Amino acid sequence: MDGFVLAKKILRAGYFWMTMETYCIRPQMNGAVEATNKNIKKILRKMVDNHKQCHEKLPFALLVYRTTVRTSTGETPYLLVYGTEVVIPTEVEIPFLRIIQEAELSDAERIRSCYEQLALLDGKRMNAVCHGQLYQNRMSRAFNKRVRPR
């Protein structure tokens, strides 16, 4: 909704402050939220038969979304936030190599390992930013080639 329309609705509801109109006008978004919502809706459509099941399957759809590698960054959102890949329930039931290795560490070794992972996380995040910038440049060049007449 337009910022001015939002300000009028707030005013009609009985609220007012001096900078209300300024607060109601936000810079144009890049569409990231809309793209995220669209992708989550696609995942949900594949998981449910009818819309009544959506609220039950939403946590699973969010897990899928957060643990899928993004083309733009080359990493999963979960890794960039928490510094490690997610441990899915099947890995807990049937221990994978990394789970077994972590279980056999002493407390001091586990702390050192966590510290090393945190130190490497900044590098992974920087790589993701660089990857994202390269991806964005590549996409804008491709868009400009399609839009510009020859």
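Colleague: Is M18 buried or exposed?

Modeller: This is a predicted model, and the values I give are computed from it. The relative accessibility of M18 is 74%. A residue counts as exposed when its relative accessible area is over 50%, so M18 is classed as exposed.

Colleague: Where is M18 found, and which residues form a nonpolar patch on the surface with it?

Modeller: M18 belongs to the loop between helix 1 (3-12) and helix 2 (20-24). The patch has about 390 Å² of accessible area together. Its members, with M18, are L11 and F16.

Colleague: How much of the chain is made up of buried residues?

Modeller: A residue counts as buried when its relative accessible area is under 20%. Across the 150 residues of the chain, the buried share is 15%.

Colleague: Which residues form the positive surface patch, and where is K41 found?

Modeller: The patch is formed by K38, K41, K42, R45 and K46. K41 in particular lies within residues 32-47, which are helix 3.

Colleague: How many salt bridges does the structure hold, and which side chains meet in a salt bridge?

Modeller: The structure holds one salt bridge. Both partners lie in helix 8 (residues 107-147), four residues apart, about one turn of the helix. The N to O distance is 3.8 Å, and the side chains are those of E116 and R112.

Colleague: Are E116 and R112 buried, partly exposed or exposed?

Modeller: E116 has a relative accessibility of 43%, and R112 has a relative accessible area of 48%. Buried means under 20% and exposed means over 50%, so E116 and R112 are each classed as partly exposed.

Definitions and conventions. Residues numbered from 1 in each chain as written. Predicted model: local features only at pLDDT ≥ 70, side-chain atom pairs only at ≥ 80, totals over all residues. Heavy atoms only, no water. Patch = residues over 30% accessible without salt bridge, like charges linked within 9 Å, V, L, I, M, F, W, Y side chains within 5 Å. Areas by Shrake-Rupley, 256 points an atom, 1.4 Å probe, with all protein chains shown as cover. Salt bridge = Lys/Arg side-chain N within 4 Å of Asp/Glu carboxyl O. Lys, Arg positive; Asp, Glu negative; His and termini not counted. Charge placed at Lys NZ, Arg CZ, Asp CG, Glu CD. Helix = DSSP H or I, 4+ residues; strand = E, 2+ residues; numbered from the N terminus. Buried < 20%, exposed > 50% of the residue type's maximum accessible area, 1.4 Å probe, protein only.
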